[in-house]
Amino acid sequence: EKKDDTLPFIIKPSRAEAHKFYGNRTVLSVEDGFLIGFDHGEWGGYLYWFSKDGKNRYEIAKYQVNQFIKRQDTIFAIEGVAHLGESSGNLITIEKKEQQWQAISYHQLPYAPCGIDLDNEGNFIIVTSNNLIKIDKNNKLTTLIESGFWSWSLYPNSLAIYQNIAYIGMRKGILKYNLSTTQQEWLLRE
């Protein structure tokens, strides 16, 4: 396996682990090592903790993490999958309790999440395979775009918020969504 630029070590799975450490990898550095999500698409996924040198590790949960995000001192992640008309996901928290990392469901999502960021007030804005939602600091979900035009063919894969405008990257362009006015603009290369 090639060395990943985000890790200072090469992951060397045992025979029993070989089926776990492939697919899209998401990495977050923490004080005692790394949290790593392995997303295998329709074949599942795993969330692991690795020590700083990569020699020690353990499975935290069978989640398909595709992005980590911090709000204040809490680690969150989005996880889920969209495949063959099915779409589901979770916003989870990842905390260290009794010297071990644990993942806990924070909010069930209506569809598989594709990207997450924080708005000016610290609320989560999440683009899913089918819609755009907000989960506020009180854990209340609000739908911002009910049925996204992207839902069957444009596959959103990223979301960034700048000056309270959400930029959602997907196949063929970027959706610019003003969180204050709800104005939408589809940006394409000309």
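The protein chain exposes about 10600 Å², of which carbon and sulfur atoms supply 46% (Shrake-Rupley method, 1.4 Å probe). The model is predicted, so that local features need pLDDT of at least 70 and side-chain atom pairs count only at pLDDT 80 or more, whereas totals for chains, interfaces and linings use all residues. Residues are numbered from 1 along each chain as its sequence is written, and side-chain values use heavy atoms, with hydrogens and water left out.

Zero helices and 16 strands are present in the protein chain (DSSP runs: H or I of at least four residues for helices, E of at least two for strands, numbered from the N terminus). The C-alpha atoms fill a box of roughly 50 × 35 × 30 Å along the principal axes. Buried residues, those under 20% relative accessible area (1.4 Å probe, protein chains only), make up 48% of the 190 residues.

The largest nonpolar core has 16 residues; such a core is a set of buried Ala, Val, Leu, Ile, Met, Phe, Trp, Tyr and Cys residues joined through side-chain atoms within 4.5 Å. Leu 35, Ile 60, Phe 68, Ile 75, Ile 94 and Trp 101 touch the most other members. At least two residues of this core come from each of strands S1 (24-30), S3 (45-50), S4 (57-61), S5 (65-71), S6 (74-83) and S7 (86-97), and S4 gives the largest share, three residues. Beyond its neighbours within four places in sequence, Ile 60 is in contact (heavy atoms within 4.5 Å) with residues including Leu 35, Trp 49 and Trp 101. A second, separate core of 15 residues includes Cys 114, Ile 125, Ile 145 and Ile 161.

Technical notes
Buried means under 20% relative accessible area, exposed over 50%, partly exposed in between (1.4 Å probe, protein chains only).
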